[in-house]
Amino acid sequence: MVRAGRGLAVLALLFNAATWGVSWWPFRSLMQLGLHPLWATTLVFAAAVLVFSFWQPSAWRHLLASPSLWVIALASGATNAAFNWGVTIGEVARVVLLFYLMPLWAMLLAWWLLGERPHAGIGLRLLLSVGGAAVVLLGDGDGPARGLSLADGLGVLGGMTFALNNVMLRRATDRPESSRALAMFVGGCVTCLGVAASGSSGALGLAEPMHWPPEPALGWLLPVAGLSLLFMLSNLALQYGASRLSANVTAVVMPTEVLFASCSALWIAGEPWSPALMLGGAMILAATLLAAWQDRA
């Protein structure tokens, strides 16, 4: 019975990883219909907030009374804005790999916010993470001349804010699970709305300005509704799996998102992996797995 429950928890985490790994596809499809990924994310999480508010209305009381949950909301919102925008406009595998520099940021944030001092084995993880990122960014045919694209920066930023989100979730374990979930939904809605409105009004000074959402039409409203349901289920699956498995097991399962993302991008969009991307990706994922192994020891 325990083994069955553990297997279900792993499947829940795999469902979450698969959802995020292939999310670039519907967001790109919506962008082709005139709906920028930030506006799509805003609408997706607005619907999630509405449904969750009817389902768990008491969660609002805890959210409004807990400053730590406000930080989670901001971090979660920034994560969704950066990740969804990045994988829509950039190379999927590259953005997702840079996102998975997350263990590096999590270690630094845990040292600062939780007082968890780095141990001797942390140096290898740092070298693998930073070295892998350097190979991914500079190791393709263009080298340093290519520079850091907007999508690359969004991938790195998304990993940083996701690390902050996870560290703050550990600090807020005394808060109800429903209020933590609501904080993440509210953050996804409000933060993406702020960035999308700024970008659409020209305040961000982007080379390719965002456009305001098109006229309502079933062609994009129905996919947004489906995405909202999918992300709600994905979030609940993450909380179910992560709360029933050790942190090191979770850290091993979650990077399967890279596999889902890279395979779907190759199959659907024809985005091949270069040798540099494979080498850098292996180094970044090795740092993630090493983190899980060292945390267990």
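1. Helix 1 (2-22), helix 5 (67-89), helix 9 and helix 11 each supply at least two residues to the lining of the largest cavity, helices being DSSP runs of H or I with at least four residues, numbered from the N terminus. This cavity has a volume of about 270 Å³, and it belongs to a count of 2 cavities of 30 Å³ or more. A cavity here is a set of points, on a 1 Å grid over the protein atoms alone, where a 1.4 Å probe fits but cannot get out, and lining residues have an atom within 4 Å of a point; the points are joined across faces, edges and corners, and the volume is the space filled by probe spheres set on them.

2. The model is predicted, so local features need pLDDT of at least 70 and side-chain atom pairs count only at pLDDT 80 or more, whereas totals for chains, interfaces and linings use all residues. Residues are numbered from 1 along each chain as its sequence is written, and side-chain values use heavy atoms, with hydrogens and water left out.

3. Of the 17 residues that line the largest cavity, those closest to its centre are Trp-20, Asn-80, Phe-162, Met-184 and Leu-238. By class the lining has 9 nonpolar, 7 polar and 1 charged residues, where Ala, Val, Leu, Ile, Met, Phe, Trp, Tyr, Cys and Pro count as nonpolar, Asp, Glu, Lys and Arg as charged, and the others, Gly among them, as polar.

4. The protein as a whole comes to 14 helices and 0 strands. Buried residues make up 48% of its 297 residues, buried meaning under 20% relative accessible area with a 1.4 Å probe and protein chains only. Among contacts between residues at least 6 apart in sequence, 86% join residues at least 24 apart, a contact being heavy atoms within 4.5 Å.

5. Asn-165 is found in helix 9 (residues 150-171) and is buried, with a relative accessible area of 1%. Not counting residues up to four places away in sequence, Asn-165 touches Ile-72, Ala-75, Ser-76 and Met-184.

6. The aromatic pairs number 10, a pair being rings of Phe, Tyr and Trp (its six-membered ring) whose centres lie within 6.5 Å, with planes under 30 degrees apart counted as stacked, over 60 as edge-to-face and the rest as tilted. Phe-45 and Phe-231 are stacked, because their ring centres are 6.1 Å apart and their planes stand at 20°. This pair links distant parts of the chain, with Phe-45 in helix 3 (residues 37-55) and Phe-231 in helix 11 (residues 218-244), 186 residues apart. Both Phe-45 and Phe-231 are buried, and both belong to one aromatic cluster that also includes Trp-20 and Phe-162.

7. How many salt bridges does the structure hold? There are 2 salt bridges, each a side-chain nitrogen of Lys or Arg within 4 Å of a carboxyl oxygen of Asp or Glu. In one, the side chains of Glu-271 and Arg-28 meet at 3.1 Å, N to O; Glu-271 lies in the loop between helix 13 (256-269) and helix 14 (275-296) and Arg-28 in helix 2 (residues 24-32), so the pair ties together parts that are 243 residues apart in sequence. Glu-271 counts as buried at 17% relative accessibility, and Arg-28 is buried at 18%.

8. Asp-152 forms a salt bridge with Arg-94, their closest N and O atoms being 2.8 Å apart. Because Asp-152 lies in helix 9 and Arg-94 in helix 6 (residues 92-99), this pair ties together parts that are 58 residues apart in sequence. Asp-152 and Arg-94 are both buried.

Conventions:
Buried < 20%, exposed > 50% of the residue type's maximum accessible area, 1.4 Å probe, protein only. 1 Å grid on protein atoms, 1.4 Å probe; cavity = no way out; pocket = protein on both sides within 12 Å on 5 of 7 lines; lining within 4 Å.
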